[in-house]
Amino acid sequence: MPAPKKGPRLGGSGVHQKHILANLAKSLIEHERITTTEAKARQLRPFVEPLITKAKKGDLHSRRQVAATLELRNTPFYSGRDTLYKLFEEIAPRYVARPGGYTRIVKLGPRRGDNAPMAIIELVEPLTVAQEATREAEAATKRSAKDKAAKAEAPVVEDEAPAAEAAEVEDEAVEETTES
């Protein structure tokens, strides 16, 4: 059995904290972006990322584990099937090539009323094929610009070295003439 979290909890008890995180995770999966306090966002990130990793596997065992973690039960009003469907069929395929880091936390200003620090936690959007091509083209142009700059600087350095060698040869010639 895992050890309970030390220090203050989000809800007051460990069970309440699990319920809060499960509800926040359901909202994040459903809306893909939620605004909450920084403390909740920081605790939600390590709660949600393993769920997405399990969803990437896509097997029945993973689906049941995610449903248990999100506390999705067959109730008459809300079964949670749409949340599971969205996670397994829409969100998980986006991150097949990504090894982790599925969420991003963006800090906002303090909340009006109680001055609580607020943050947005959202799912990171994977790059589309066009964006990847653009990114690679930009990287290639940067590399070629650096290569051109290195080539432009390289002859200057090479010119200085022969000049120094020529000066040394002249010094040697002067020494030889003075000795004779």
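Biologist: Which helix is Gln17 found in?
Modeller: Gln17 sits in helix α1. Keep in mind that this is a predicted model.

Biologist: Is Gln17 buried or exposed?
Modeller: Gln17 counts as buried, because its relative accessibility is 9% and the cut-off for buried is under 20%.

Biologist: What does the side chain of Gln17 make a polar contact with?
Modeller: With the side chain of Gln43, at 2.9 Å.

Biologist: Which other residues of α1 are buried?
Modeller: Besides Gln17, the buried ones are Ile20, Leu21, Ala22, Leu24, Ala25, Lys26, Leu28 and Ile29.

Biologist: And what covers the buried residues of α1?
Modeller: The cover includes helices α2, α3 and α4. It also includes the strands β1 (33–37), β2 and β3.

Biologist: How many residues does α1 have, and how far does it reach?
Modeller: α1 has 18 residues. From first C-alpha to last it reaches 26 Å, close to the 26 Å expected at 1.5 Å a residue.

Biologist: What comes just after α1?
Modeller: Glu32, with a positive phi of about 65 degrees. Glu32 is not a glycine. Most residues other than glycine have a negative phi.

Biologist: Where is Glu32 placed, and is it buried or exposed?
Modeller: Glu32 lies in the loop between α1 and β1. It is buried, since its relative accessible area is 17% and buried means under 20%.

Biologist: Let's zoom out. How many helices and strands does the protein chain have?
Modeller: Five helices and three strands. Along the sequence the pattern runs α-β-α-α-α-β-β-α.

Biologist: What share of the protein chain is buried?
Modeller: Buried residues make up 26% of the 180 residues. The chain exposes about 12700 Å², and carbon and sulfur atoms supply 55% of that.

Biologist: How much of the contact count comes from residues 24 or more positions apart?
Modeller: They account for 57% of the contacts with a separation of 6 or more.

Biologist: Now the core. Which residues touch the most other members of the largest nonpolar core?
Modeller: Leu44, Phe47, Leu70 and Leu87 do, in a core of 29 residues. The elements that give two or more residues to this core are α1 (14–31), α2 (38–57), α3 (60–69), α4 (81–91) and β3 (117–123).

Biologist: Take Leu44. What does it touch?
Modeller: Not counting residues up to four places away in sequence, Leu44 touches Leu21, Leu24, Ala25, Leu28, Ile34 and Ile121. Of those, Leu21, Leu24, Ala25 and Leu28 are among the buried residues of α1.

Biologist: And Thr69, where is that found?
Modeller: In helix α3. Thr69 is partly exposed, with a relative accessible area of 28%. Leaving aside neighbours within four places in sequence, it is in contact with Ala22, Phe47 and Leu51.

Biologist: How far apart are Thr69 and Ala22?
Modeller: They are 47 residues apart in sequence and 7.0 Å apart in space, C-alpha to C-alpha.

Biologist: Is Arg64 buried or exposed?
Modeller: Arg64 is exposed, because its relative accessible area of 58% is over 50%. Arg64 is also placed in α3.

Biologist: Switching to strands. Where is the place of Thr103?
Modeller: Thr103 is in strand β2, which covers residues 103–110. At 5% relative accessibility, Thr103 counts as buried.

Biologist: Which side chain does Thr103 join in a polar contact?
Modeller: The side chain of Glu49, at 2.7 Å. Beyond neighbours within four places in sequence, the contacts of Thr103 include Leu28, Arg45, Val48 and Ile121. Glu122, Leu123 and Val124 are in contact with Thr103 too.

Biologist: Last topic. How many aromatic pairs are there?
Modeller: The count comes to one. Tyr95 and Tyr102 form that pair.

Biologist: What is the geometry of the Tyr95 and Tyr102 pair?
Modeller: Tilted, at 5.2 Å centre to centre and 55 degrees between the planes. Tyr95 and Tyr102 are both buried.

Conventions. Residues numbered from 1 in each chain as written. Predicted model: local features only at pLDDT ≥ 70, side-chain atom pairs only at ≥ 80, totals over all residues. Heavy atoms only, no water. Core = buried A, V, L, I, M, F, W, Y, C linked by side-chain atoms within 4.5 Å. Buried < 20%, exposed > 50% of the residue type's maximum accessible area, 1.4 Å probe, protein only. Helix = DSSP H or I, 4+ residues; strand = E, 2+ residues; numbered from the N terminus. Contact = heavy atoms within 4.5 Å. Polar contact = N/O pair within 3.5 Å; in protein donor to acceptor, adjacent residues only side chain to side chain. Areas by Shrake-Rupley, 256 points an atom, 1.4 Å probe, with all protein chains shown as cover. Expected span 1.5 Å × (residues − 1). Phe/Tyr/Trp six-rings, centres within 6.5 Å; stacked < 30°, edge-to-face > 60°.
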